[in-house]
Amino acid sequence: MLSDELHKSSLYKNETFPFTMFTVNRNDCIPPGPGYHYLHWHEALQFTLVTSGTVSMQVSGTHYELKAGDAIFINSGLLHMTSHISKSGEYVSFNFPTKLLSFFSGSQLELDYILPFTTNYCFPAQILTNDVPWQTHIIEKLWSLRKLCLDEETYAKNYEISISLTEIWLLLIRSVKDSLIKVSQNSIKKQENLQAMLAFIHSNYMKEVTLEDIAKTVHISNGECCRSFKNTIHMTPYDYLILFRLNKGADLLKETNYSVTTIAGMVGFNDVSHFIQSFKKKMKMTPTQYRKSFQ
C-alpha cells in the first residue's frame with residue numbers, strides 16, 4: 001500500500017515514540033501537520049474525536065457527519081479528508097502506527113489481531129457514537145486519552161498512552177470482527193492506482209497537468225482514470241486538481257505576503273482572473289478578502 005510521502009515526515013514529532021495528537025479547528029492545526037482539508041493518506045491508524053461543533057469527513061468516498069462527542073476510526077492507508085468544520089468546531093486526532101499495538105514485527109498479536117483489520121479495504125472507517133454501548137466505551141477512553149496528552153505532569157505518560165491505545169484497539173476489533181468482509185484483489189489494485197494518481201497530482205499541481213498525464217501514471221485509459229476518481233472521491237481528475245491548487249493557494253494567502261498574481265502562478269494557474277474566479281466560487285470570498293480574514 002502506498003504512503004503519502006508529502007506528509008510522512010510531519011506526522012510524528014518523535015520517531016522513537018511515534019504518536020501525535022493533533023488539535024484541529026477551522027483556522028489551525030496544533031502541532032502543524034497534514035492539511036486536514038487535503039485528500040491524503042498515511043500508514044498511521046487514526047482515531048478522531050469531535051470536541052465541539054460539527055465536522056464532516058470523507059473516507060474512501062464515503063461522507064460522515066459528526067457532532068460534538070462523536071468519534072471515528074480511520075484505517076491505515078485510506079484516502080480521507082475533513083471536508084467541513086463548523087465555525088465553533090474542533091476535533092482531536094490521534095495518529096499512531098500499528099507497531100505500537102503489535103509490540104514487535106511478526107508477533108502473533110500482529111498476525112492475528114492487527115493485520116486482518118488494517119489490510120482490509122472493506123474496513124475503511126468506523127463511526128463511533130454514544131448510541132451504542134461499546135462505542136460509548138471507546139469514546140470515553142478517547143476523552144481520557146486527550147486529557148492524558150494535555151497533562152504535562154504524569155510520570156511515564158507515553159507508557160500510559162500505549163496502554164490506552166491497546167485497550168481502545170481491543171474494544172474495537174472485538175466489536176467489529178464478525179462483520180468484516182474480505183476484499184478482492186481487484187479492489188486493492190484500484191485503490192492503489194488512485195493513490196498513485198493523487199500522489200502525481202500532489203507533486204505536479206504547480207505545472208501544466210493533463211488527464212493523459214494522470215492516467216499514464218498507472219498505465220490506464222483516460223476513461224478508466226475518470227471512473228476511478230468519480231467512483232471514489234466523486235469528482236473528475238480536473239476538478240480535484242483545481243481543488244488541490246485552490247487549497248494550496250489558500251495556505252499561501254494565510255502564510256505568506258506574496259501577491260495574489262504570484263500565488264496564482266505558484267499553484268498552477270496561468271491566468272490570475274481564473275484563480276480569483278475559482279477561489280471565490282469555492283471560498284465564497286475573494287483571495288484578498290480571505291487573506292484579510294486571517295490578519
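Colleague: Is Gln126 buried or exposed?
Modeller: Gln126 counts as buried, because its relative accessibility is 17% (buried means under 20% relative accessible area, exposed over 50%, partly exposed in between, with a 1.4 Å probe and protein chains only). This is a predicted model, where local features need pLDDT of at least 70 and side-chain atom pairs count only at pLDDT 80 or more, while totals for chains, interfaces and linings use all residues. Residues are numbered from 1 along each chain as its sequence is written, and side-chain values use heavy atoms, leaving out hydrogens and water.

Colleague: Thanks! Which strand is Gln126 in, and what does Gln126 touch?
Modeller: Gln126 sits in strand 9, residues 125–128 (helices, H or I of at least four residues, and strands, E of at least two, are DSSP runs numbered from the N terminus). Not counting residues up to four places away in sequence, Gln126 touches Ala71, Ile72, Phe73, Trp134, Gln135, Leu172 and Val176 (contact means heavy atoms within 4.5 Å).

Colleague: Switching topic, what is the mean pLDDT?
Modeller: The mean is 90, and 96% of the residues reach 70 or more (pLDDT is the predictor's confidence in each residue, from 0 to 100). Over residues 1–9 the pLDDT is below 50, and that stretch has 21 contacts in the model beyond near neighbours in sequence.

Colleague: How many salt bridges are there?
Modeller: The count comes to five, a salt bridge being a side-chain nitrogen of Lys or Arg within 4 Å of a carboxyl oxygen of Asp or Glu. One of them joins the side chains of Lys141 and Glu167, at 3.2 Å from N to O. Lys141 lies in helix 5 (residues 133–150) and Glu167 in helix 6 (residues 157–176), so this pair ties together parts that are 26 residues apart in sequence.

Colleague: And what about Arg227, which residue is its partner?
Modeller: That's Glu224, with the closest N and O atoms 3.1 Å apart. The two are three residues apart in helix 9, so about one helical turn separates Arg227 and Glu224. Arg227 is partly exposed at 46% relative accessible area, and Glu224 is also partly exposed, at 28%.

Colleague: Last one: how many residues of helix 10 are buried?
Modeller: 14 of its 19 residues are buried, so helix 10 is largely enclosed by the rest of the structure. Helix 10 covers residues 237–255 and reaches 27 Å from its first C-alpha to its last, close to the 27 Å expected at 1.5 Å a residue (the expected span is 1.5 Å times one less than the number of residues).
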